[in-house]
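Work through the exercises below with the sequence and the coordinates at hand. Each task is followed by a solution in steps.

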Amino acid sequence: MTIVERLATTTKNRQKSRQNRFVPLAGVLVGAAVIVVLTYTLPPFRNYQLATIGAYLCVTAGLTVLTGLNGQLSLGHGALMATGAYTLALWQDRFNLLLPGIVLAVVVTTLAGGVIGLAAARLRGPYLAGLTLAVAVVVPSITSTFDNTFNSDQGLSVALNPPPGVIPVEQWQVWICWAGALLTVLFLAYLVRGRFGRDMRAVRDDETAAKLAGVGVARTQVLAFVVSAACAGLSGALFAVLAQSVSPGAFPLTLSLFLVMAIVIGGLGRLTGALIGAFLLVALPSVAQSIAEDAGSQHLEGNLALTFFGVVLVVVMLAAPGGLASMKFPRKIRKQKGQE
Amino acid sequence: MDRFLYLTFDGLSRGAVYAAFALALVLIWRAARIVNFAQGAMAVATAYVGYSVASATGSYWLGFVVAIAGGLVLGAVVERVVMRFVDHSSPLNGVVVALGLVLIIQGVLGMIYGNDYRPAEAPFSRDAFQIGGVTLLSRFDLFVFGAVGAVVVLLTLLFTRTSTGLRMRAAAFAPDVSRLLGVPVGGMLTLGWALAAAVGSLAGMLVIPTELGLHPNAMDLLFISAFTAAVLGGLDSPVGAVVGGLVVGLLLTYVSGYLGANVAPMAVLILLVVVLLSRPDGLFSKAKARTA
Amino acid sequence: MKRTATVLAALLLAAGCSNGNSNSSGGSSSNTPGVTDTEILVGTHQPLTGPAAAGYSSIAPATKAYFDYVNANGGVYGRKITYKIMDDGYNPANTQQVVRQLVLQDKVFAILNGLGTPTHTGVLDFLKTNRVPDLFVASGSRTWNQPDKYPGTFGFNPDYTVEGKILATYVKETYAGKKVCFLGQDDDFGKDSLAGVEQVLGSVTAKQTYVVTNPNVGPQIGAFKAAACDVVVLASIPGFTALSIGTAAKIGYKPQFVVSNVGSDPTTLAKTLGAAAPLLEGVVAANYLPLATDDSSPWIQLYKKVNAQYNGNATFDNNVVYGMSVGYLFVQALQGAGKDLTRDKLTEAVQKGGFTGPGLVPVRFSAQDHSGYAGEQLTKLTGGKATYFGTPYTTDDAAGAVAPYSGTAAAPPANGVPPAQ
């Protein structure tokens, strides 16, 4: 059994697992309270980073369900985020109504995800990776071919109303992004506990067995892709809100690759892992840059940060193959592994 | 018609270098069941070494040999020092470690050589022959075709005619059974990595002179095209890699030439969708042989 | 889920705690961020790594070296300039992050010479909201010249349309009646440049675009050859200039190349082409700053001195000249803003204009105009070295005529630091 199946095991051992006695709703409410308190204590830049973590969490949570629980690897979620972001930008330009705009962004991305998901359901392993990779690199091509709508490389700016009252912008951004993130997490937490979650794991573990047990394999895979696409769309829309602008350069292939790295390093198939991954996506580059800065030489600066980033990835992957989320209870995992 | 011929030859010469690199991806896939995302960065690293040697000694061919030997060494080292210790229970762990290696290699290269483009000389003239006003291929293009052809032949011989090749495939497909049968699985993996990296280095030496020059990120874009080509042809098939490379090269050139450069990535995506929907394991997949 | 919340709280508190950085406000200048009695903190975003770093990564260190030189000569009104360079890898998402860090956390006084059109476009609104002066953006986009919409943003480079008009004027005068083709990058750079070219020449014989993600211009150059163009105008970055010239040679096509300033640094091109560098012979380009190879220019003598003392003797090319010229102009603006430095005073000083410096043509700054240098002069590459010929031209990005500029270039002050005004 692979590490990615841990969540499956915890669900099966529902009685034994402490973790599952907690209702997701309670966890999310605690999280919301923590966030609100934090927004009043953190300085503006930290609030901005916190908001960015929230926006990332939407996509990493959806992706970890797709990849960790359903076994489909996508290198194209950056493109789905771009879909959400551009939808919101175009909507805001005309109507400037944020909430309906975000909903529309999710809907449009869900449709796009459905199309890709239909193709993805037929593909496995590297072939799926190859197809989604081609999706990821097509974004700049689309924005420049239809540049009257998307304005090519320079992108669009996103019209936004200032926050109500005297709330600082960064604090307002945290609230919006984390409202989205916590709703996503809540939705996914209930989803993976239900019948759909069981179907996904069954398909991931053994397609033939799942089929024999009456699980619609293709249906489950397409649905999983659609769900994670919706999350990516929400994330993209939130990024558009954060940046007040969208451009193809902000959604490069490296973003899609970093998302995959984030969920694996965090701990594949776990929402906690998705959270850690989202945190690392924000924290690691800036930590790397400040370490490199302290180390001195101007000409090495960028390269030292890159190297440090790479070393962290390799070391974590070697030291904690199940991701950071798994590090606390190594013994328990081994026991669970043995049980299946 | 002239335009069509011109674009065809241009596309073929681009496609040949995609094919060269796709071969490296196929080789590592056959040997270790992994898509090595670090292949491009590793090839760049050895190309830097090769060109350093070439400029120090004044001999391109010495640098060429050093680059490929460097590929062998680097591949073996990466396998022995890093990849061997990766938990392979999830295929993604290897992918993430490879991506980490990319960052490390690019960072280190940037520190040593700087982030500027450096010239990469070609061993043969890149001026194309012209017949009746139509531009055909250059000597260098012919060299690329020859090298790619040689690699395909050697790989096919290795995997079908030698016991080593058979052991390598067995070790990749069913490591446990192979071990029981006395195949030195670890050694086969190291060998596979070394060979794949050497082919990657060869591809690097072939492609870098035709592009913008030596740069830590010089192979990033090529990796995308070559991976697409390998997937298109089928990751298990060296012939598929070559066909895939040529098809992608031709498609990119035709579309850039007739419709505009910005449309090309969309055309590649459409091609991939069409091919993979009818043949989910690539053009040259063996019937029903589902990958691990 | 509880663990999720716990992990979350722990991570964020850790993040919060690490924020013990000094908020260096206060000081004399009425609480202006980034300004104390002894220091002015300025930030920038640049591509130091990644594919776009080539050439550009040497700009900001050169600017910093010039500031160090000024600091060693007493600074500006006794204040030393600290230049914080952040790497965004030419990725607009990273630009968002690093510029916010500079403004919100490091509390910089101003953003200087942020590089790139797509990268910098994304932070315009943020900088405006936070009232941060956004000086001398490193790109020729017309976006920076919107004084009503972005009152704090100023350009530096001549914009691409101005350049297109000047290049086309040369082509029209020298190659009257010849066929002209145009290859441009597939973004605002190529588009604005083409607009300028066509305004002067009318429709060109063939126009093609390239995308940076496909390093093959075979189809495009092939089309020009088929169209039998005598002159090819390139609006391309250095790598693609070299690639275009190399590709033309490969297919036995020898047009006259006329290249945008953006993609014409001879050192970078020669480095990229290597043994094929002789192909550059005769290439016409344009510039507006002293050329790195012109040792007779007092500016180059000054910059070389600074480069040796404060820039670790980095390769001295036009990018270094550019970076130091940015530094010089910024110090001029600071001198103009006076001793009691505030953000509004800095913007006013820039808007007042009248700077004379290394440029061959004046910078255009005024209340109505935030674009940078007003024009360019043509250069020709001979013997691996670019030299100016003819006279400088100035024009605007609209329908204005391309006019020769007769003013003479200023010499640098004796100590190399612009005097207080």
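A polar contact is a pair of N or O atoms within 3.5 Å; within protein, one must be able to donate a hydrogen and the other to accept it, and residues adjacent in sequence count only if both atoms are side-chain atoms. The model is predicted, so local features need pLDDT of at least 70 and side-chain atom pairs count only at pLDDT 80 or more, while totals for chains, interfaces and linings use all residues. Residues are numbered from 1 along each chain as its sequence is written, chains are lettered from A and ligands numbered from 1 in the order in which they are written, and side-chain values use heavy atoms, with hydrogens and water left out.

**Exercise 1. Describe the contact between chain B and chain A: its area, its residues and its polar pairs.**

Step 1. The size of an interface is often given as the accessible area lost when the parts come together. Buried area here is the accessible area (1.4 Å probe) that two parts lose on being put together, summed over both. For chain B and chain A this is about 3,900 Å², and carbon and sulfur atoms give 78% of that area.

Step 2. With contact taken as heavy atoms within 4.5 Å, 45 residues of chain B and 47 residues of chain A take part.

Step 3. Six residue pairs are in polar contact between chain B and chain A, both residues being at pLDDT 80 or more. A salt bridge requires a side-chain nitrogen of Lys or Arg within 4 Å of a carboxyl oxygen of Asp or Glu; between these two chains the count is zero.

Step 4. Helices (H or I, at least four residues) and strands (E, at least two) are DSSP runs, numbered from the N terminus. On the side of chain B that touches chain A, the elements giving two or more residues are α4 (91-113), α9 (220-233) and α11 (264-278) of chain B. The largest share, 14 residues, comes from α4(B).

**Exercise 2. Where is B:Arg14 found, and what does B:Arg14 touch?**

Step 1. B:Arg14 is part of helix α1 (residues 2-32) of chain B. Its relative accessible area is 6%, so B:Arg14 is buried (buried means under 20%, exposed over 50%, partly exposed in between; 1.4 Å probe, protein chains only).

Step 2. Leaving out residues up to four places away in sequence, B:Arg14 touches B:Thr210, B:Glu211, B:Thr253, C:Pro215 and C:Asn216. The side chains of B:Arg14 and B:Thr210 are joined by a polar contact of 3.3 Å.

**Exercise 3. How many salt bridges are there over all chains, and which residue forms one with C:Lys250?**

Step 1. Over all chains the count comes to 19 salt bridges. C:Lys250 pairs with B:Asp141, the closest N and O atoms being 3.5 Å apart. This pair crosses between chains, from helix α9 (residues 238-250) of chain C to helix α5 (residues 139-161) of chain B. C:Lys250 counts as buried because its relative accessibility is 11%, and B:Asp141 counts as buried at 4%.

Step 2. Within chain C, C:Arg142 and C:Asp192 meet in a salt bridge of 3.1 Å, N to O. The two are 50 residues apart: C:Arg142 is in the loop between β4 (134-137) and β5 (153-155), C:Asp192 in helix α7 (residues 188-201). C:Arg142 is partly exposed at 33% relative accessibility, whereas C:Asp192 is buried at 10%.
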